[in-house]
Amino acid sequence: MYRTIADFTQDFAYEREMTRKLLENLTEASLSQAVRPGGRTLGKLAAHIIHTLVEMPGVAGLRVEEAPFAGSFAAQYAETARRLSDTVALFLASGGPVASR
């Protein structure tokens with residue numbers, strides 16, 4: 001649990017880089033691989049991770065726009081995560097709710 005937005009920002013910088021690296025290692029073949037029989041594929045999990053960068057901050061009142069698919073989940077994740085980081089920075093600077101640009 002985070003006590004301040006600044007605590008989240010510091011931790012998120014590390015997590016965002018590690019997740020980007022993980023997503024870069026997914027291959028076309030691995031995207032259709034199910035994690036368990038009948039379970040989600042790695043591609044669906046990657047899409048879920050990206051969508052969560054938009055959904056969860058929205059619950060907290062931060063509006064973040066999901067980046068369009070840019071040829072790879074890693075690129076889409078990196079751009080969506082950048083938008084989230086920018087939104088949090090604007091929130092900290094302004095002291096109020098903002099939307100990503």
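Predicted model: local features only at pLDDT ≥ 70, side-chain atom pairs only at ≥ 80, totals over all residues.
Okay, hi everyone. Let me start with the overall layout. The protein chain has four helices and zero strands, so if you read along the sequence you get α-α-α-α. In terms of extent, the C-alpha trace spans about 45 × 30 × 20 Å along its principal axes. Of the 101 residues, 28% are buried.

Now, the helix pair I want to show you is α3 with α4. Helix α3 covers residues 42–59 and helix α4 covers residues 73–94. How are these two arranged? Their axes are 10 Å apart, and the packing angle is about 10 degrees. That is under the 35-degree cut-off, and α3 and α4 are therefore roughly parallel to each other. Who is touching whom? On the α3 side you have G43, A46, A47, I49, I50, L53, V54 and P57, and on the α4 side they meet F73, Q76, Y77, T80, A81 and L84. Sort that contact by class and you find 11 nonpolar residues, three polar ones and no charged ones.

Next up, aromatics. How many aromatic pairs does the structure hold? Two. One is F8 with F12: the ring centres are 5.2 Å apart and the planes sit at 15 degrees, so that pair is stacked. Both residues are in helix α1, which is residues 5–24, and they are four residues apart, about one turn of the helix. Their surroundings are worth a look. F8 is partly exposed, with a relative accessible area of 24%, whereas F12 is buried, at 8%. The other pair is F69 with F73. There the ring centres are 5.4 Å apart and the planes are at 70 degrees, so we call that one edge-to-face. F73 is buried too, with a relative accessible area of 16%.

That takes us to the core. As a general point, nonpolar side chains in soluble globular proteins tend to be buried together. Here, the largest nonpolar core has 14 residues. Which of them have the most contacts inside it? Those are F12, L23, L53, F73, Y77, A81 and L84. The elements giving two or more residues to this core are α1, α3 and α4, and the largest share, six residues, comes from α4.

Let me zoom in on a couple of positions. If you leave aside neighbours within four places in sequence, A81 is in contact with F12, R16 and L53. Then there is T19, which lies in helix α1. Is T19 buried or exposed? Its relative accessibility is 19%, so T19 counts as buried. Not counting residues up to four places away in sequence, T19 touches I49 and Y77.

A13 is partly exposed, with a relative accessible area of 45%. And if you want a distance to check in your viewer, A13 and L23 are 10 residues apart in sequence and 16 Å apart in space, C-alpha to C-alpha.

That's it from me, thanks.

Technical notes: Residues numbered from 1 in each chain as written. Heavy atoms only, no water. Axes fitted to C-alpha atoms, helices over the stretch in contact; angles between N-to-C directions. Parallel < 35°, antiparallel > 145°, perpendicular 65-115°, else oblique. Contact = heavy atoms within 4.5 Å. Nonpolar A, V, L, I, M, F, W, Y, C, P; charged D, E, K, R; others polar. Phe/Tyr/Trp six-rings, centres within 6.5 Å; stacked < 30°, edge-to-face > 60°. Buried < 20%, exposed > 50% of the residue type's maximum accessible area, 1.4 Å probe, protein only. Core = buried A, V, L, I, M, F, W, Y, C linked by side-chain atoms within 4.5 Å.
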